[in-house]
Every structure is written in structure tokens, then in C-alpha cells.
Amino acid sequence: MPTSNAAAPVKKKVLGAKSQKATNKRKEEDDDNGDSSWEERVQGKLIKPADQLELTDAELKEEITRILTAKNPHAPQNIVRYSFKEGAFKLTSAVDQMAVHFVLDGCLIHQDSDEARRLAAHKDLAEESLAVDSGPGEEKTDILDAPRDGGEEEEAGEDDRADSVASKTNNQEPKSTNQFNYIQRASQTLNNALRDRSCQTTPPPRRNYSAAASQWDIYDAYVEELHKQEMKKEQQKSRKDGDKNQKKLTLKDTAGDDKHEMRTAIKLLERMVNQNTCHEIAQDFKYFEDAADEFREPEGTLLPLWKFSYEKAKLMCVTALCWNEKYPDLFAVGLGSYEFSKQGRGMVLFYTLKNCTFPEYIFPTPSGVLCLDIHKKHSYLVAVGFYDGCVGVYNLKNKGLEPQYKSTSNTGKHTDPVWQVCWQKDDLDNKQSFYSVSSDGRVVSWTLIQNELIFSDAIRLSLTGPVSEGPDGLGEVTTAAGTCMDFHRQMDSLFLVGTEEGNIHKCSRSYSSQYLHTFHAHNTAVDAVKWNPFHPQVFISCSSDWTVKVWDHSVSTPMFTFELNASVGDVSWAPYSSTVFAAVTIEGLVHVFDLSINKYQAICHQPVVSRNKSKLTHLAFNPIHPIIIVGDNRGCVISLKLSPNLRKKPKCKKGQELPEGHEVEVAKMEKILSLLRDPEQSAH
Amino acid sequence: MADDGEEAPEENRKRRTHTFPIVRHTDMPKPMKTEAIAFCMAAFEKFANNNEHAAKMVKEAMDKKFGAAWHVVIGESFGFGVTHETKNLLYMFFGGNLAVCLWKFC
């Protein structure tokens, strides 16, 4: 039924316009029929419209033929157009009979068409991830075909099917959505601005290294290694053997080694620090030459350099000074006291110019030190004379603080203070020996034999003469007190002794009972007597009677006499010139004389210490450097640099070589002496 | 000279058997050094005849343990000049006639 209903109106639509009324009528009839049949069904009444034709039955049965043509009743039968070509009106032959009643554009596209394919591809991209099922392909064609029919039910059913299919299977073909149920909407979110960022880390530190490996290299390395290993094994073996015997000693040694290394390191450091602190002084010592000397001829000056003092020695008086020949920066200081009542302990200190703050060696002694001498060759041997009459020899190489040798009352020590000690040259047996002179009138020779000091009296000083006859007729020998001594440099056996009475005796080692000569030198005790280092006949002496005298030992009277207005503590020749000598006085003045420049006056007298505070007691010239050290009664030693004027060498004539050396010095002195002698001789 | 030549290979053979490494130059920290030497010794024992494999083994082991790029050269006679990261170089002799150089560089 539904299909016939659907088919009938279609056919009717095709009919032309002419038969429209008829058809309408028929429609109406049909409709009426349909309606009437419906109405009959519904109500059972027949309703007729008001304007219906009333016809008789016979008229109703009459057949009226109608011819249906496909002509459009509204289309014009004759269309005339003007043709410009022919210039006449023309009748168009064919007139379009098409009458369009209804147009509806569909949105379906054939699946094989390009557009459909494009759409499919587009949807494929979106639905690629979904699983593919080939099944729905056929169903979908049905779906696409179905809407042509237009049945709602079918559509709905197929839509459902389409949905279920889509949900079940991850479709290959894209789901085409209709415009009614589906809307596509898009939006763009805010994209954050893009930024470029880059960085470079620091590369790891790198180094280059190159070497060459070769067979001989490797071989040598291995040989060395094996050798080392063998050495180690041997050492271990020897250690094991030695261990049993000397375990403790080795332990001590190792401990001592550490200390020793530390000590040297610390010592170096101390010296460095001192050098830096006294930097200017060191520079002065080395390089400063007083330029003012050119204008100040003939005088000179003494530039104070370092000052050496030791805390514990501050109460003591410097009683002896001696430079070390081998190490010209090292000097020895003997400390004690000249006061009879204030005798206490003493000290022997060794200072070096490299360290002005602390002594290198310290030897405390039970009794005050009065004199000391350093051996010329074995510069580690120091002979010391004490106030209590002992003599001792210190060995600097020994670690202890005790002297290596010491005289005791059994071994012939002096009974009075020892005023001077002098080393002698080694005797034939290579034994060292030295002489000492003391107030007890004995000049004793000491020899170092193994562990002992062997003494032998060289001479016994006597007052009036070696042998004198007393009132009783018995030979009374009264001893003089020796206060100083000096040995001749060239003639070994000849030596001078100064006494408390002011006499200087010329003695010889070979004659133990007799003097060769006696000089009545001074009124008070002779404090120092020294041979001239160059001229073999000249010596100098000084004493507390304010005078310094220069002698020729063949002449009984002094060649030169100098009044210094104060008690002279010490006098010394300069090692570089035969005519230069220096003296110190208790006033704190140092006087330097140069006989070749000025025979009557000092070319330099300079206060070194303040007069009120301290007195100068000793001085010594450095054998190499142009400095002198001066000791005072406060345990302080001051070093002074001699200005150029004080160390003048004789002027040379042009073209001649610079005269230097021993002979020149001798000649210089000789010249001066001859000047003195000649007038004497002429006077005589 | 001839004697030395004859003795040398014999000694080399001896050395090959009881060997100890002699470090010629290194600036590695001690633990790294001991590790490297251990790797080398293991590699040598494993690949006594093939320097290339031994070197490869050492290099890979060092890479794994200490990271980044290690380079290892094993040979009997060669000269070299390398740029290496500080504290990452070892140059030593081994086995009586072998020289090993290993260094790290990116």
C-alpha cells in the first residue's frame, strides 16, 4: 500500500499542465476517494464540497477522452525574435517546454568522485590510529545509498548502525558527518612567545703530554727497577742484622735527623729574616763607601753596622774578641769581668755577621773568660783562658757545651787569671798546642794529646831578671805577672810578654830562663802587645797609662808614642796595611792611626758608645772585610765599617803596576822608621 | 751487544711471565691509577697476543667507570704527543716490552 501511494503521485507529477484540472479533479477524486474511503472508515458519511458539479449518472458514465501531451501550457507557442543578421523578425522554432516545479540541491556526493576521495583522505589522517575493519565498507555503501529512498525509518536505522559501527570499529574510512547534527568549530590557544637560549660550559682543563716508548727505554726501566729492588732487599737484610744491636740508636738517630733537618731549615729562615730586617746594614756593609772622605782628607770615619748582644751576656764585660780565619764572618766573644770583686760566670759566644740577633754558639762557663784564641788551621778549636786560672779548649764540632779539654789543678792550671792564650803551629806529631800567660808569672805551653792537656812551663816570668840575688844571697825569684803575649809571625820562637809592671819582655821558646830583651814600656800594666803583621821588627803596645807605643824590637825606646787621654783597653794592627792600627779607650772612643799619612795624630777618633754608659774594652780587625768589631763592658759587640780614607794604599806612579803585598808594606814601614832613625843617628 | 740481544728476548720472555708495571708518568689520583693499572693487567692477561683487543677492553672499561672518552694505546715502540684532561693520564711500561698510554679527552 505505501509503495502504491508513493508511486501514484510521482506519475501524476509528470503529467502536463493541460490536464492539470483533470488531474486535479482526479486527485481530488482520488483524494476524495481516499478521503471518502478514510472518511467512510472514520465517520461513514459522504461529504461533498459546495461547488461540486452535479452530474447525472449517464453523464458520469460518459467517457471523455483527454489527450495528454508533454506541452507546457504556460510556455509561449510562438516566440519571435529580431535577428540582426537577417534584419528581420524570426520565429523561434523550438520553444522550451520544460517547467520546473521544484528544485532541491542535495548534499550527497558519489563515493568514487574526486571530492569524496579528498574528504576520505582528509578524514583518514584524523582516524589513522583507530583499528581498521573492512566489514563496514559494504554497510556504508548501503548507508550512502539509503538516503536516496528517503525513508525516515531506514535512515534512522542506518544512522544507528553507522554510529554503532563507528564506535565498534576504528574505521578506515572517515565518518562523514552531516551538517545538521554536527558542527565543526576550531579555536586557537595562546602560544607563548618563543625564546632562543644557548650556553657554553667551560671545557674541562686539559694538558699536553708527549713521550716516546721504545724497547730500550722499557728495558732500561725494568733493569733499574730490579736493581732498586735488590738494593732494598740488601738494606733490609743489613738493617735486620744491625737492628738487634743498635735498635735504640737507630731510633734516636731518626729522631735526631728530623730535628737536625728542622734545625738547618729554621736556621736558614732565621738568617733570611735577619737579612731582610737588617737589609740596609747588609747593603752598607757591602757597598757603602763614604763619599765625603774625598773632602775630608786625611781623616776617615767609622760607620756603625751591626750590634751584637745577647740577653744573658748583658751583665758581663767583653773580655776577648777573635775573628775566625777560615770563616771571616764568624767571630768569637769572650765574656767575663775585669772587676776583682765581681767575679761570676762567663760565656763564650760565637756570632756571625749573617745573624746579628742571636749567637751561633753559646758556651756558658763557670768562671769568667778572659781571653780566647781560634786556631788558624783547625778553626773549630778554640782555646779559652779563665779567670780562675784554668784553660780550656772547645771543639765547635762537638755537640756538648763542655770544653773538650780542660786543665785542672792536677794538670798544671794557673793559680791566677789567664790573660792571654795563643795557638801555635801544629808540632811534628800533628798535635795542637797553645801557650798561655797568667798573672802567676808562668808562661805555659799546653799540648793536646788525645784526651788530655799536657802542660809544660815555657818560661817563668821574674821581676828583675831571671836570676836575682836577694839580701840573703839566695836567688830569690819573684815572679812578674804577665798580662799579654804575642808570638812573632815569621820567627816562631820569638815572642813578647807584657807584664803588670809595665815591662815588655822579648823571649824565646828555646830559652826558658832568660829574656832576650826587656822594654820598660809603660808605667802601668801593659794591656796589649802585638807584632806588626808585615814588618818583622815592629810591635805595638798599649796600657792604662793613656799611651800607645810603637816599637822596633831592636831599639829600646819607642818609635812612636801616642797619648790618647784615656786608659787604652786594646790596640790592634790592621791586616791590610803595615802602618794602620786602631785603639779603643774607656771613654768609648776608637782611634785609628795611619803612620804613613799622619805620624802624630789619629786620622780618626770616633765615639762609638756613649761615654757615660759603657766602656770599650777590646777590638779586632776582620782579616778580609774592612770592618772592625769593638766590645764594651756591657756584653755588647759593635761592628763598624772603615771608611776608605782609613784603608788607603800607597799611591802608585802612572805606568807602574799597583804595588801590593807584603814587601810593599814592609817597605812602607821601613821608610817611616828610617826617617826616625836617621835623625836619631844624626843626632847621636 | 750480541749477548745483550740474546739475553734481552729471554729476559723479555721471563718478564712476560712474572710482570709488574712501571709507571713512567701519571697525574691521576691514586684510586683512579690503581683501577687503571688493574684494568690494564686484566686486559693483558686476557689478550696477550692482540694489542688491539686489549686496548679496546681497557678503553671500554675506563669509559664505563670514569666516563666520557678514553683513549688507549698499547705498543712496543711509538712516540706520542697528546692533549689530555688534567689528572687523567697514565703512561706506563708493562710486561717487559710493552708500553701503555691512556688518557681522557672529549
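Modeller: Two strands count as paired when DSSP finds at least two bridges between them. Keep in mind that this is a predicted model. With that in hand, start at the strands: β3 of chain A, residues 206-213, runs antiparallel to β3(B), and eight bridges join them.

Now step back to the whole contact. Chain B puts in 31 residues and chain A puts in 21 residues. Interface size is often quoted as the accessible area lost when the parts come together. Here chain B and chain A bury about 2300 Å² between them, with 57% of that on carbon and sulfur atoms.

On the polar side, there are 13 residue pairs in polar contact between chain B and chain A, counting pairs with both residues at pLDDT 80 or more. Two salt bridges turn up across the interface as well. In one of them, the side chain of R24(B) meets that of D217(A), 3.1 Å from N to O.

As for where chain B's side comes from, α1 (2-17), β1 (22-26), β3 (78-85), β4 (89-94) and β5 (98-104) each supply at least two residues of it. β3(B), the strand we started with, gives the largest share, eight residues. Sorted by class, the side of chain B that touches chain A holds 15 nonpolar, ten polar and six charged residues.

Note on methods
Residues numbered from 1 in each chain as written. Chains lettered and ligands numbered in written order. Predicted model: local features only at pLDDT ≥ 70, side-chain atom pairs only at ≥ 80, totals over all residues. Heavy atoms only, no water. Contact = heavy atoms within 4.5 Å. Buried area = accessible area lost by both parts, 1.4 Å probe. Salt bridge = Lys/Arg side-chain N within 4 Å of Asp/Glu carboxyl O. Polar contact = N/O pair within 3.5 Å; in protein donor to acceptor, adjacent residues only side chain to side chain. Helix = DSSP H or I, 4+ residues; strand = E, 2+ residues; numbered from the N terminus. Nonpolar A, V, L, I, M, F, W, Y, C, P; charged D, E, K, R; others polar.
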